[in-house]
Amino acid sequence: MNWRTIIYVVLLVSLTVAKALPRTSRDVEGKTSIGQRFSQLHENNFKAIALIMFAQYVPGGTFGRAAGMAERVTALARSCAAAARDSPDCLKPLDRIFFDTICQEKNLPRIADCCAKEDSERNDCFLSLKNFSQGSIPPFERPDAEAACRNYSQHQQPLTAYFTYDISRKHPFLPAPTILSVALRYEEMMKRCCGGAEGPSQHLEECFRTQAPKVVKPVKEDALRQEHTCGILKKFGERTLKALKLTQISQKFPKADFVTVHKLVMDVADMHKDCCRGDMLDCMQDREDILQYVCSNQHILSSKIQQCCEQPLLQRSECIIHVENDDKPADLSPHIREFIEDKGICERFAQEKDTHLARFLYEYSRRHPEFSAQMLLRIGKGYEDLLQECCRPGAPSGCHSRGEEELRKHIYETESVMRTSCDIYNEKGDYYFQNELLMSFTKKMPQLTSAELIKFTKEMTAIGSKCCQLGQDKLLRCAEENLDLVLGEICRRHLADPINPGVCRCCSSSYAFRRPCIGKLEVDESYMPLALTPGLFAFHGDLCTTEEEKLQHRKQEMLITLLKYKPQISPEQLSSVTAAFSAMRERCCGEANPEACFLKEGPELIKRSEKMLSA
């Protein structure tokens, strides 16, 4: 079984896979059979998709069992295509064949309950196993270089197949095209680092160190984007997701008319519903149909996507997502006063509320590519609130005009927050900017672990590095949309294990206002500070490390502990304690026996710090 060939062929045929596969048991029996699917896809494509499906739907299985099931389904498809097309097994819908194959396996964990169900209920049950598996499997790690190359030289094809399986089970909601493109990058890394006939690269460890992120990063980014979108859909519903997609599509295609944009919004929302449920086959076909529509209608959508549409279908989606927005129409007026001044506004709002609000959001978004999608949603909510207030009986004259002043105020406040953050970042640099964030977020969310606080604030610091160098026309969108991804992670963490009432309120009340809400959180009054125990502040010789990154990490851990011990600490008190710690560290690290020095000086520092903190 040539798995490398399988992956290349799947990529080269683009996504004819999606068109050829069925759309689950909702399809009426008697439609295209498994034999016809096999003939359309060819064996290699069929087998690759089967491996991914079995890996994603059976989280507790093994590679051997997933590959074995893929072989059996492929053998059935081959026989159906060849001669046995009228056999009852050949006439079953493809997803039923997949689940029947799983249920024939013995001793697979957690599948017995699903196998006792039928058709759509069984499908839903298997989808729930995908949810269960998320987070239960350790993430991909950079392989040991020598062992990986030894394995590659001996088992080249099965190794790539195993990687495909491994990524599939670790990311059960990732679409097959993404997984296959990642497997191709993995194959290229192994070939580059381990070499061909001439043997492994001379700098093996360095090669893996530089190449592994190119394999893993796209997986992480795709998985994070998908989790984020699915989190919005799950928590805030379809209406919010459609509004978000409306702003994004209107910004990207400002020349497109409202009817065209609305069609795309509906199609994209339906795609996300299928993808978030874990229906891989539906998800693939939805994506294929959208890309086909976009590239067939370039003339009414955008002048910037021609190059994307010339790429293989697998690369098209990513290209269109990242391509710059099209230019605004030359005759597009800068203002949309008709949504404020038109006398028929209240009547239209009463008769077709959602359509009227959608048209406002479309018109405003296409005029403001410099605004973040979240800010545009807040503007849309402000407009809705304005109409609800001004269209009620007895509303004062001139009520509508107040909206423009409120809008200017909100835009100014949002831009000020981003500018101030960038001023701090540019002044302090990565490490000290992250420390500022740590002080803020440890007070807001002291229930998070040190590792979580450091992780989230490190991601926020990376946003500063990425966005603060941009001009004013791109800063706001870059900063808030990237920050929204991190806040989404925090809110999903809260959903799994509640943090505190303040975070609950911000993560639950409004998607558009999530960032301002979290920004306004202060010290969590419900938190019980840590007690001062002998082991709370431990000072050891590792503080004398010459590796700056390790030392900074250690200092940040101690900063978090201090803030969890004294959440109400003032900047002056923190400065005094920090200075005392630095003096002790410098003194002890200059000693012949730093560990003994810390053992003696540490308790004294704690006593002095207690006096400073109680002053």
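Select aspartate 279. Aspartate 279 is buried, at a relative accessible area of 3%; buried means under 20% relative accessible area, exposed over 50%, and partly exposed in between, with a 1.4 Å probe and protein chains only. Aspartate 279 lies in the loop between α13 (258-277) and α14 (280-296). Helices here are DSSP runs of H or I with at least four residues, strands are runs of E with at least two, and both are numbered from the N terminus. UniProt, in an unreviewed entry, places the feature "binding site" at Asp279. UniProt positions are given in the numbering used here, feature names are shortened, and annotations may be inferred rather than shown by experiment.

A word on the model before the next stop. This is a predicted model, in which local features need pLDDT of at least 70 and side-chain atom pairs count only at pLDDT 80 or more, while totals for chains, interfaces and linings use all residues. Residues are numbered from 1 along each chain as its sequence is written, and side-chain values use heavy atoms, with hydrogens and water left out.

Now select aspartate 289. The unreviewed UniProt entry places the feature "binding site" at Asp289 too. Aspartate 289 is in helix α14. Is aspartate 289 buried or partly exposed? At 36% relative accessibility, aspartate 289 counts as partly exposed.

Zoom out to the whole chain. The chain has 29 helices and zero strands. Its C-alpha trace spans about 90 × 75 × 50 Å along the principal axes. Of the 615 residues, 50% count as buried.

Colour the chain by domain. The domain assignment gives domain 1 (34-133), domain 2 (416-520) and domain 3 (541-614); such bounds come from an automatic or database domain assignment. The C-alpha centres of domain 1 and domain 3 lie 58 Å apart. UniProt has its own list: for "domain: Albumin" (unreviewed entry) it gives residues 22-216, 217-409 and 410-607. Select residues 410-607: the span is 73% helix and 0% strand, and its end C-alpha atoms lie 47 Å apart.

Next, select helix α9 (residues 145-154). Which residues of α9 are buried? They are Ala145, Ala148, Cys149 and Tyr152. These residues cover an arc of only 95 degrees around the axis, which puts them on the same side of α9; the arc is that of the directions from the helix axis to the C-beta atoms. An α-helix has 3.6 residues a turn, so residues three or four places apart point the same way. Turn the view to the face of α9 away from its buried side, and you find the exposed residues Glu146 and Gln154.

Select asparagine 107, in the loop between α6 (94-104) and α7 (112-115). Asparagine 107 has a positive phi of about 65 degrees although it is not a glycine. Asparagine 107 is exposed, with a relative accessible area of 75%.

Go on to serine 416 in helix α22 (residues 402-444). Serine 416 is buried, at 19% relative accessible area. Its side chain reaches the backbone oxygen of tyrosine 412 at 2.8 Å.

Show the aromatic rings. How many aromatic pairs does a search of the whole structure find? It finds 20. The rings of tyrosine 425 and phenylalanine 433 have centres 5.4 Å apart and planes at 90 degrees, so the pair is edge-to-face. Rings of Phe, Tyr and Trp (its six-membered ring) pair if their centres lie within 6.5 Å; planes under 30 degrees apart count as stacked, over 60 as edge-to-face and the rest as tilted. Tyrosine 425 and phenylalanine 433 are both buried. Then select Phe339, Phe360, Tyr364, Phe371 and Tyr383, which ring pairs link into a cluster.

The charged end of lysine 263 sits over the ring of tyrosine 293, 4.6 Å from its centre. The charged end of lysine 444 sits over the ring of phenylalanine 441, 5.8 Å from its centre. A charge sits over a ring if NZ of Lys or CZ of Arg is within 6 Å of the ring centre and within 35 degrees of the ring normal.

Finish at glutamate 601, in helix α29 (residues 594-614). Glutamate 601 counts as buried at 17% relative accessibility. Glutamate 601 and phenylalanine 539 are 62 residues apart in sequence and 8.9 Å apart in space, C-alpha to C-alpha.

Conventions
A polar contact is a pair of N or O atoms within 3.5 Å; within protein, one must be able to donate a hydrogen and the other to accept it, and residues adjacent in sequence count only if both atoms are side-chain atoms.
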